[in-house]
Amino acid sequence: MMLLATPTAVADATAASIFVTVLARGPIARSEIATALGLSAGTISRAVRPLLDSGYLVEDGAGGPPRLGRPVVPLRVVADREFMVGVKLTADHVCGVVVDLLAQVRASREAAVTDTSVPAVVATVTDLVEQLRADAPGPVTRIGIGVGGHVDSAAQLIRFAPFLNWRDVPLPELVSATTGLPVVVENDVNSLTAAEQWFGAGVDVPSFAVVTIGAGIGCGLVIAGSLVHGAVGLAGELGHIPISADGPRCRCGNTGCVETVASEEAILRRVRAASGRDDLDLATAVALGRAGDRDAVGAFTAAGDALGRALAVVANLINPHRIVLSGEGLAASDLFESAARASFATHAFGQAVECDLITRPLPDHTWARGAAAVAIQHLFLGPTPTNGR
Ligand SMILES: [Zn+2]
């Protein structure tokens with residue numbers, strides 16, 4: 001693996017917990033960090049020192065009112081201490097961002113992918129990274145790459161990326177060789193989940209799920225503070241949960257998968273079959289649904305129902321505090337969200353139904369920012385531990 005050694009000053013579980021606490025709640029006093037983490041004031045002071053010395057945290061000069069005669073000096077993260085590049089790979093383009101340590105996007109660029117061979121994509125990503133390094137307000141120290149498909153994060157290998165038709169590609173090693181920076185690759189939905197965990201809707205809850213809808217149905221799971229990868233990196237294949245005994249064949253080869261009803265392709269297939277228009281596109285299907293066309297409304301409602309069942313599976317299996325619904329498919333949520341919520345309420349077991357189910361539309365560059373968030377996590381946590389290994 002081409003990850004450079006993490007600086008020992010910050011590669012420590014306690015330091016990582018402190019950094020995350022300051023990220024989420026800063027400016028925050030050491031005593032409040034101690035209370036939040038259930039650690040002694042002495043332990044916090046010792047662990048904070050290297051983070052201050054290496055410039056990741058700073059004492060907030062404004063301070064607070066003195067308590068018991070001692071000045072309370074809150075800590076905050078130094079956003080500009082260093083910068084990360086995040087890249088999202090798709091079949092026809094790459095999107096890249098520069099983020100600071102608060103995962104705020106400071107620059108962004110895109111490049112077309114016309115040749116999906118590994119050397120060509122590595123060259124495109126390398127060019128994009130070099131441009132982003134020039135755009136960055138300060139030194140870029142790491143790169144995170146997000147890609148759809150089966151990513152083995154322990155081995156740092158793309159096992160299978162269907163839209164690129166790649167198998168067993170050591171992309172981090174290749175991009176590290178051309179850029180000289182440590183590189184980490186992660187599944188795209190897991191990247192989005194990592195961003196929510198440290199910087200978004202997962203900050204205040206130990207267990208939550210991110211479910212993405214669009215071309216496929218994806219799911220990232222954080223249980224008791226850890227992103228779940230499973231034995232070989234396939235945890236969260238929510239789109240391939242079987243929800244009916246028959247039905248259309250799925251791209252995975254099985255029948256009855258959630259995606260055979262709830263993916264954009266499945267919705268289109270239904271509307272095309274009903275209308276007899278084989279060239280009908282998604283925007284037209286959405287417009288038909290909004291105009292009250294019975295077949296289009298039926299297709300989106302069926303998709304919502306299937307999605308609700310899938311969300312109930314997540315709730316019944318891991319009982320998360322929150323489920324975050326996101327992805328490009330949310331653009332048409334007016335056509336399926338109420339069906340999804342009704343189906344979720346029907347199928348969620350007992351109090352699992354009380355799970356906080358929220359929708360989070362994707363701002364621009366969200367996927368690339370997610371990959372950058374994984375790079376930030378690696379700075380403080382080292383390589384992602386793989387569950388079950
Ligand atoms: Zn399937």
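1. Helix pair α2/α3. In this predicted model, helix α2 spans residues 30-37 and helix α3 residues 41-53. Their axes come within 9 Å and cross at roughly 115 degrees. The crossing of α2 past α3 is right-handed. On the α2 side, the contact is made by Arg30, Ile33, Ala34 and Leu37. On the α3 side, Ala41, Ile44, Ser45, Val48 and Leu52 take part. By class, this contact has 7 nonpolar, 1 polar and 1 charged residues.

2. Glycine 26 and proline 27 are joined by a cis peptide bond. Omega there is about -5 degrees. Proline 27 sits in the loop between α1 (13-25) and α2. Please check this bond in the structure, since most peptide bonds are trans.

3. Zinc site, ligands. Four residues coordinate the zinc ion: His240 through ND1, and Cys250, Cys252 and Cys257 through SG. The distances run from 2.0 to 2.3 Å. The donor residues follow the spacing H-x9-C-x1-C-x4-C in sequence. Histidine 240 and cysteine 252 are 12 residues apart, and both lie in the loop between β13 (226-227) and α7 (259-262). This pair links distant parts of the chain.

4. Zinc site, geometry. Which arrangement do the 4 donor atoms around the zinc ion make? The arrangement is tetrahedral, because the donor atoms subtend angles of 103 to 124 degrees. For four tetrahedral donors, the ideal angle is 109.5 degrees.

5. Backbone at glutamine 156. Phi of glutamine 156 is near 55 degrees. That is a positive value in a residue other than glycine. Most residues other than glycine have a negative phi. Glutamine 156 is placed in the loop between β7 (150-152) and β8 (157-161).

6. Domain layout. The domain assignment of the protein chain gives domain 1 as 13-77 and domain 3 as 203-359. Domain 2 is given as 81-194 + 366-381. The C-alpha centres of domain 1 and domain 3 lie 41 Å apart.

Conventions
Residues are numbered from 1 along each chain as its sequence is written. This is a predicted model: local features need pLDDT of at least 70, side-chain atom pairs count only at pLDDT 80 or more; totals for chains, interfaces and linings use all residues. Side-chain values use heavy atoms; hydrogens and water are left out. Domain bounds come from an automatic or database domain assignment. Axes are lines fitted to C-alpha atoms, for helices over the stretch in contact, and angles run from 0 to 180 degrees between N-to-C directions. Helices (H or I, at least four residues) and strands (E, at least two) are DSSP runs, numbered from the N terminus. A crossing is left-handed if the near helix is turned anticlockwise from the far one by less than a right angle, and right-handed if clockwise. Contact means heavy atoms within 4.5 Å. Ala, Val, Leu, Ile, Met, Phe, Trp, Tyr, Cys and Pro count as nonpolar, Asp, Glu, Lys and Arg as charged, and the others, Gly among them, as polar. Donors are N, O and S atoms within 2.8 Å of the metal (3.2 Å for Na, K and Ca); water is not among the atoms, so sites may look incomplete. Four donors count as tetrahedral if all angles lie between 85 and 135 degrees; four count as square planar and six as octahedral if opposite donors are over 155 degrees apart and all others between 65 and 115; anything else is irregular.
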